[in-house]
Amino acid sequence: MVTKNTKVRAVGLLSGGLDSTLATRLMLDQGIEVFAVNFTSPFCTCTPKSAGCPAVVTAISQLGDIPLKRIRMGSDYLEIVKKPKFGYGAGMNPCIDCRILKIKKAGEYMHKIGASFLFTGEVLGQRPMSQHRRAVDIINRESGLKDYILRPLSAAHFEPTVPEQKGWVDRSRLLGISGRSRKPQILLASRNNITDYPCPAGGCLLTVKNFAERMRDYFAFTDHPSLKDVELLKVGRHFRLQNHDKVIVARDEMEGQRLESLHGKDDHLLVPFDFAGPTVYLCGSGIQAAAEKMVHFTKQALDENHRDIHRCGRESKTVRLHGLLSGQAGISQKLIVNPAPPSPKPFPPEGERTG
Ligand code: SF4
């Protein structure tokens with residue numbers, strides 16, 4: 001509730017990118033009391049599990065002391081990725097559904113803290129999937145917060161929202177930026193001493209071709225997707241066998257350790273014992289195929305006396321490779337993804353930052 005003597009409170013979606021930082025700056029300059037919300041997800045490329053988004057910390061340091069709430073999107077988000085109402089972008093990125101979920105969650109926070117509206121850094125026409133006019137209309141409608149969502153950088157292109165109609169925000173001081181060029185934002189940033197902001201590309205693994213392929217394969221073989229499995233999708237070389245088993249081969253020691261830390265009770269893990277080779281993770285029962293992969297990706301010559309550690313559930317035993325390789329008849333395998341070692345960039349142009 002806004003009275004004459006109270007400051008108007010608003011919730012801002014702050015990704016840490018340039019646009020949301022500028023939108024927040026514009027609101028602060030109008031005397032709005034801003035409460036920032038930052039979303040992270042299992043698909044953020046720059047945010048290790050449980051860590052906060054580093055870009056948002058930089059943004060806040062340039063904006064002043066504003067409260068920040070972090071929201072990590074979890075299982076509900078995974079359901080949306082599996083079956084988005086409004087489809088995917090070029091990868092497995094359900095940007096419209098993702099924005100709707102974020103706005104809804106920000107709206108809940110808005111009600112909780114007694115804020116009067118929320119705002120975002122969206123720029124009309126900047127992102128190919130979620131920022132064209134039809135997408136913005138869908139997001140407004142489906143979030144149920146239509147007239148309470150202000151987009152300060154593009155406000156002139158939209159009908160006045162409630163905060164503008166009520167005079168909480170001066171519409172004449174809002175902007176009319178649109179399109180893909182970022183020159184107006186860069187100029188505005190330099191005028192406001194905002195010098196440190198991340199590159200606009202990147203941020204979301206769902207837009208990355210190789211990862212999108214893995215997600216598609218995963219959903220095709222999984223009825224109940226889990227966040228733990230998403231972590232597995234980020235590690236190693238992935239193979240889907242003809243019997244539907246999944247084999248993951250670590251590409252280096254760090255990935256081997258990651259696979260060990262993700263090892264679930266129903267899965268198998270093969271770790272080289274007396275030779276230098278890759279750790280192999282198996283979801284399924286095809287131990288022989290997993291052992292074959294381990295041998296295939298080992299650079300040194302192996303003989304049947306070499307041993308590896310085979311873990312399944314709580315059991316762990318050291319076995320000779322011979323024992324693993326001579327079990328079943330050969331299982332033919334199909335390579336689904338065999339990417340080069342990951343690099344943080346580049347991302348396709350349709351990628352959008354998280355937030
Ligand atoms: S690119 Fe951005 S909007 Fe699209 S799904 Fe990923 S985080 Fe959500």
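Two strands pair if DSSP finds at least two bridges between them. I also took helices (H or I, at least four residues) and strands (E, at least two) as DSSP runs, numbered from the N terminus.

**Ground rules.** I'm working on a predicted model, where local features need pLDDT of at least 70, side-chain atom pairs count only at pLDDT 80 or more, and totals for chains, interfaces and linings use all residues. Residues are numbered from 1 along each chain as its sequence is written.

**Strand S9.** I began with the partners of S9. Strand S8 (residues 268-272) pairs with S9 in the antiparallel sense, over 3 bridges. Histidine 268 has leucine 282 as its bridge partner in S9. Strand S7 (residues 246-249) also pairs with S9, antiparallel and over 4 bridges. There I found valine 280 of S9 as the bridge partner of valine 249.

Next I looked at the side chains of S9 (residues 280-283). Val280 and Leu282 point one way, Tyr281 and Cys283 the other, and all are buried. My cut-offs, with C-beta atoms placed from the backbone: buried is 20 or more other C-beta atoms within 10 Å of the residue's own, exposed is 12 or fewer, and partly exposed is in between.

**Whole chain.** I count 12 helices and 12 strands in the chain. Of its 355 residues, 43% are buried. I then checked contacts (C-beta atoms, placed from the backbone, within 7 Å). Taking those between residues at least 6 apart in sequence, 67% join residues at least 24 apart.

**Cores.** A nonpolar core here is a set of buried Ala, Val, Leu, Ile, Met, Phe, Trp, Tyr and Cys residues joined through C-beta atoms within 7 Å. The largest one has 66 residues, and Ala10, Val11, Leu118 and Leu206 touch the most other members. Helix H4 (residues 95-112) gives the most to this core, with 8 residues. Why does this core lie between domain 1 and domain 2? Domain 1 (9-203) and domain 2 (207-337) both give residues to it; the domain bounds come from an automatic or database domain assignment.

A second, separate core has 23 residues, including Val249, Leu259, Ala289 and Leu321.

**Glycine 17.** My last stop was the loop between strand S1 (9-13) and helix H1 (18-29), where glycine 17 lies. Buried or exposed? Glycine 17 counts as buried because it has 22 C-beta neighbours inside 10 Å. I also noted that glycine 17 and tyrosine 197 are 180 residues apart in sequence, yet 5.9 Å apart in space, C-alpha to C-alpha.

Conventions
Two residues are in contact if their C-beta atoms, placed from the backbone, lie within 7 Å.
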